[in-house]
Amino acid sequence: MADREDIIDLLTRYATGIDRQDWPLFRSVFTDDCVLDYGQIGSWHGVDGVTDYMIQVHVPFEHTLHRLSNHAIEIDGDTATARTYVDVLLIAREAKPHKTSDVNATGFYDDELVRTDGGWRISRRKLTMVRNVSL
C-alpha cells in the first residue's frame, strides 16, 4: 500500500503545483523526458515545455482548483499505471473592460509512472477531456 499512497501523493503534488503556481513542485512530478498528450490542449516531450505552457495558461486566473479522484492504480515492480479523474475549476481575474471567462473542465488522466531515485514520477500522460465549459 505504500507505493499506492506515494503515487496518490505524486498526483496530488501535480494539482497542488498548478493551483499554488509552485512550478518547481509541478516539475517534480514528471521525468525530464516525459511524453504528455493533452489532446486539443497540446502535447509535449519533456518537462520544460509543459511547465512553460502551464505557467502561461494559468496567468489569467485568480484561482485554480484541480480536484483529483477515483484513483485506479496498478503497480508492477518499478512501473505503474494510473487512471485518475480530474475536475478543474478556473476562476478568472477581473479584467477591464471585460472579464476573462471562468472555466470548468472534467476528464481523466491515464498515466505511466516509473520509480526513480527521487520516488515515483510520471513518464507518460494522456488527458481525455470529456467536458470543457466556459462559465
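The largest nonpolar core holds 30 residues, of which Tyr14, Phe26, Phe30, Tyr38, Met54 and Leu113 touch the most other members. Such a core is a set of buried Ala, Val, Leu, Ile, Met, Phe, Trp, Tyr and Cys residues joined through side-chain atoms within 4.5 Å. At least two residues of this core come from each of helix 1 (2-19), helix 2 (23-27), strand 1 (30-37), helix 3 (47-58), strand 3 (61-76), strand 4 (79-92), strand 5 (103-116) and strand 6 (119-134). Strand 4 gives the largest share, six residues. Helices (H or I, at least four residues) and strands (E, at least two) are DSSP runs, numbered from the N terminus.

The model is predicted; local features need pLDDT of at least 70, side-chain atom pairs count only at pLDDT 80 or more, and totals for chains, interfaces and linings use all residues. Residues are numbered from 1 along each chain as its sequence is written, and side-chain values use heavy atoms, with hydrogens and water left out.

Met54 touches Tyr14, Ile18, Trp23, Phe26 and Tyr38, residues up to four places away in sequence not being counted. Contact here means heavy atoms within 4.5 Å.

Nine salt bridges are found in a search of the whole structure. The criterion is a side-chain nitrogen of Lys or Arg within 4 Å of a carboxyl oxygen of Asp or Glu. One of them joins Arg115 to Asp3, with the closest N and O atoms 2.8 Å apart. Arg115 belongs to strand 5 and Asp3 to helix 1, so this pair ties together parts 112 residues apart in sequence. Arg115 is partly exposed, at 32% relative accessibility. Asp3 is also partly exposed, at 22% relative accessibility. Buried means under 20% relative accessible area, exposed over 50%, and partly exposed in between (1.4 Å probe, protein chains only).

Arg115 forms a salt bridge with Asp78 as well, the closest N and O atoms being 2.7 Å apart. This pair links distant parts of the chain. Asp78 sits in the loop between strand 3 and strand 4, and Arg115 in strand 5, 37 residues apart. Asp78 counts as partly exposed at 47% relative accessibility.

Asp37 lies in strand 1 and Lys126 in strand 6, so the pair ties together parts that are 89 residues apart in sequence. Asp37 is partly exposed, at 32% relative accessibility. Lys126 is partly exposed, with a relative accessible area of 40%.
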